[in-house]
Structure formats: C-alpha cells, structure tokens
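Here is a short briefing for a first look at this structure.

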Amino acid sequence: MSTAPESPAAHPAEHEQPTVRAALTRRGWTMVVSAVVTAALLLVGLLVPIPYVSLGPGPTYDTLGSVEGVQVVQIEGEPSHQTTGQLRMTTVSVNDEITLFGALGLWVSGRYALAPREDYFRPGETEEDIDRQNTKMFQDSQSNAEIAALRHLKYPMKVIAQEITSGAPADKVLAPGDQLIQVNGKKVAAAADVRGALAGTTPGQSIDITYKRDGQEKTASITLAKATDFGQDERQEGFIGLGAGERPDVDFKTTIRLQNVGGPSAGLIFALAIIDRLTDDDLAGGATIAGTGEIDAEGNVGRIGGIPFKMVAAKEAGVSVFLVPEGNCAEAKDNAPDGLRLVKVSTLDGAVQALKDIKAGRPVPSC
C-alpha cells in the first residue's frame with residue numbers, strides 16, 4: 001500500500017514562524033522621556049551660564065611687602081624707611097561665568113552672594129570693557145593716593161594741565177603735563193586758581209599763559225572762546241578748554257606695582273603705605289592691619305562696595321584691625337567676623353592718627 005506525501009499546509013508550525021513585535025508600554029515611554037528631560041536639565045544646569053555674578057572674598061595684598069618678588073610700593077630717588085607689620089589691601093572676587101548648579105553651590109557655602117549680572121555689566125559691555133574701566137579706576141586711585149599722601153606730609157604741589165579740550169584755545173599752546181605758572185597775569189598755586197583767573201574775561205579776549213615744559217618756562221598768548229562752542233554750559237567768562245590738576249612737586253618717583261587688580265577701593269591703604277615708607281612713624285607697628293576706602297587727592301575717604309567679603313578675607317589673612325570708611329560703618333558692624341576690630345576713618349589724616357593711637361594704646365573711633 002502506498003501513501004501520498006503530506007501537504008506542507010498540514011503542519012504549518014514546521015515551516016512558518018509567527019512575527020513577535022515588542023511594544024513599549026505607556027509607563028515605559030514615560031520613563032524614557034523623563035530620563036531624556038532629566039539629562040537635558042542636568043546638562044543645562046552644569047554647562048549653561050546664568051545671568052548672575054557671584055561675589056566673595058578676594059585675595060589680600062601687603063602693600064608694605066612684595067607680591068611675586070616685586071615690591072608693591074616703590075620709591076625712587078628718596079630714602080625709604082624700614083617698616084614692621086603689614087598694611088593689607090583687600091579685594092572682592094567677582095565671577096560672571098557661573099552655571100545654575102555652580103551658583104547653588106556657591107550660595108550654599110555661605111561665603112558668596114549672587115547678584116544680577118546687569119548690576120555689574122551694562123548691556124553690550126564686554127569683559128574687556130570692564131577690565132579697562134577697572135584698570136583706569138585703579139590707576140586713578142594710585143595717583144590720588146600719592147597726591148594725598150604727599151599732601152599729608154606737606155610736600156609742595158604744582159598745578160598741571162591735566163585735560164585739554166580738543167580744538168580749544170588751550171589746545172593750541174599747552175600739552176598734558178605742562179606746569180601752569182600764571183594765567184591772565186595771576187599766579188597759579190592751586191587747580192581752582194585757573195578758573196578764578198578767568199573771572200571778568202570775555203570770549204574773544206586775549207590773555208597770556210605762562211607755563212613750564214621740560215624745565216623751560218614759556219609765555220604764550222591765546223584768544224578765549226565761547227564755552228557753548230565746545231558743548232559746555234554757557235558762562236560769562238571766556239573759555240580756555242583746560243582742566244587743571246595738582247601733582248607733587250618733588251624730585252623722587254613713587255610707583256605702585258600690583259597686577260590683576262582693579263577698582264578704586266585700595267586708595268586709602270596705598271596712601272598709608274606711601275606715608276609709612278617716607279617716614280619713621282612705622283604706622284603698622286608690627287601688627288597686621290587691613291582696610292579699604294576710595295580716596296581723593298584731598299585725602300577724603302569714601303565708601304566702597306563689598307565690605308562684608310573684604311572683612312572675611314582680612315580675618316582669614318590674620319588681620320587684627322580693619323580700617324572702615326565712615327560711610328560703610330553700619331554695614332561693617334552688622335557683618336564683621338568675630339575678633340576683628342573695626343576702626344572708623346573719614347580722612348587720610350584721621351587714618352594716620354588712628355594707627356598712631358592704636359600703636360600707643362590710645363582709644364580710636366570705632367564703628
């Protein structure tokens with residue numbers, strides 16, 4: 001008996017396998033999306049800068065000592081006296097490249113504060129712009145510190161052509177740095193004397209200016225102009241286009257060398273360091289003293305920003321006494337680290353006297 005071959009269709013399992021398709025459930029998709037979103041948020045928090053800056057304690061520098069082997073305050077052409085102790089200038093660290101997670105870490109540390117970036121950087125202003133401004137303010141603070149210090153020490157002053165309006169009458173005769181001797185027949189002993197010498201003059205009137213350049217004295221005649229022709233407010237007297245300034249009339253040179261520091265708030269400490277170098281007073285008296293304060297050429301001490309951070313930096317540097325501008329006293333008192341003695345100052349003369357009184361054990365003004 002013969003049998004016929006079986007049809008393939010009789011046993012389909014032996015010849016065709018069914019297709020199995022795995023599908024994510026709604027819960028699975030939710031987990032995938034959540035993971036992607038979380039990863040994106042982590043990357044944003046770690047890498048993307050936020051429009052804030054962090055403020056914290058910055059480095060301090062002993063203005064009586066050296067930084068990286070370079071003497072901070074250098075005096076050439078005049079004997080420099082031996083000092084003891086330290087006069088430390090203080091700074092604030094500002095960082096404008098922080099991420100969200102970085103900002104949270106700084107805030108939790110308790111040493112830093114956050115502020116909107118626009119408070120420190122104007123729209124369209126670059127970091128290079130800020131650096132140039134800070135460098136200019138730092139240079140001005142050095143100049144004011146030198147003038148104030150030598151004025152305190154009773155060195156003679158001279159009046160110079162500091163700023164000259166382009167195209168103005170003075171621009172045809174004077175150059176920045178020329179020493180002014182006489183204007184309109186009147187002796188110039190202070191910067192304000194230049195404006196005073198023009199009282200009663202009129203535009204179109206000719207006057208004489210006597211000045212000294214490179215050691216040679218010269219006299220020139222100029223014709224006064226109208227102030228409004230140079231964008232100035234209208235005035236009755238003639239316009240000369242000259243901004244006068246005062247400089248010490250001395251044979252020695254004072255130089256302050258400190259890199260990568262900006263702003264005006266080191267003026268007070270620079271002035272004290274110059275005085276300490278030029279006298280036998282030994283103002284620090286072996287102690288570690290710090291301070292802050294903007295200073296003008298007359299020796300007035302103005303308030304500054306960031307004093308809580310500066311006091312923290314000073315305390316960590318071993319400072320025992322901190323000189324505080326009078327305008328910062330309330331803020332300083334509320335934020336002073338334990339054990340830091342606050343001394344209130346409003347002028348360079350007062351700061352010098354306070355240091356002498358501290359060394360002698362006498363009472364001093366405090367915040």
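**Salt bridges**

Asp 178 is buried, at 3% relative accessibility (buried means under 20% relative accessible area, exposed over 50%, partly exposed in between, with a 1.4 Å probe and protein chains only). This is a predicted model: local features need pLDDT of at least 70, side-chain atom pairs count only at pLDDT 80 or more, and totals for chains, interfaces and linings use all residues. Residues are numbered from 1 along each chain as its sequence is written, and side-chain values use heavy atoms, with hydrogens and water left out.

- The whole structure holds eight salt bridges (a side-chain nitrogen of Lys or Arg within 4 Å of a carboxyl oxygen of Asp or Glu).
- Asp 178 forms a salt bridge with Arg 213, at 2.7 Å from N to O. Arg 213 lies in strand E10 and Asp 178 in the loop between strands E7 (157-164) and E8, so the pair ties together parts 35 residues apart in sequence. Helices (H or I, at least four residues) and strands (E, at least two) are DSSP runs, numbered from the N terminus.
- Arg 213 is partly exposed, at 25% relative accessibility.
- Arg 195 and Glu 237 meet in a salt bridge of 2.6 Å, N to O. Arg 195 sits in helix H4 (residues 192-197) and Glu 237 in the loop between E11 and E12, so this pair ties together parts 42 residues apart in sequence.
- Arg 195 is partly exposed at 46%, whereas Glu 237 is buried at 14%.

**Strands**

- E8 (residues 179-183) and E10 (residues 206-213) run antiparallel, joined by four bridges (two strands pair if DSSP finds at least two bridges between them).
- Gln 182 has Thr 210 in E10 as its bridge partner.
- E10 and E11 (residues 216-223) also run antiparallel, with eight bridges. Ile 209 stands opposite Ala 220 in E11.
- The hairpin of E10 and E11 has two residues between the strands, and Asp 214 there takes a positive phi near 55°.

**Helix H8**

- Just after H8, Gly 361 has a positive phi of about 80°.

**Asp 276**

- Asp 276 is in helix H5 (residues 267-278).
- Asp 276 is buried yet has no salt bridge; Lys 359, the nearest side chain of opposite charge, is 6.9 Å away (Lys and Arg count as positive, Asp and Glu as negative; His and the chain ends are not counted).
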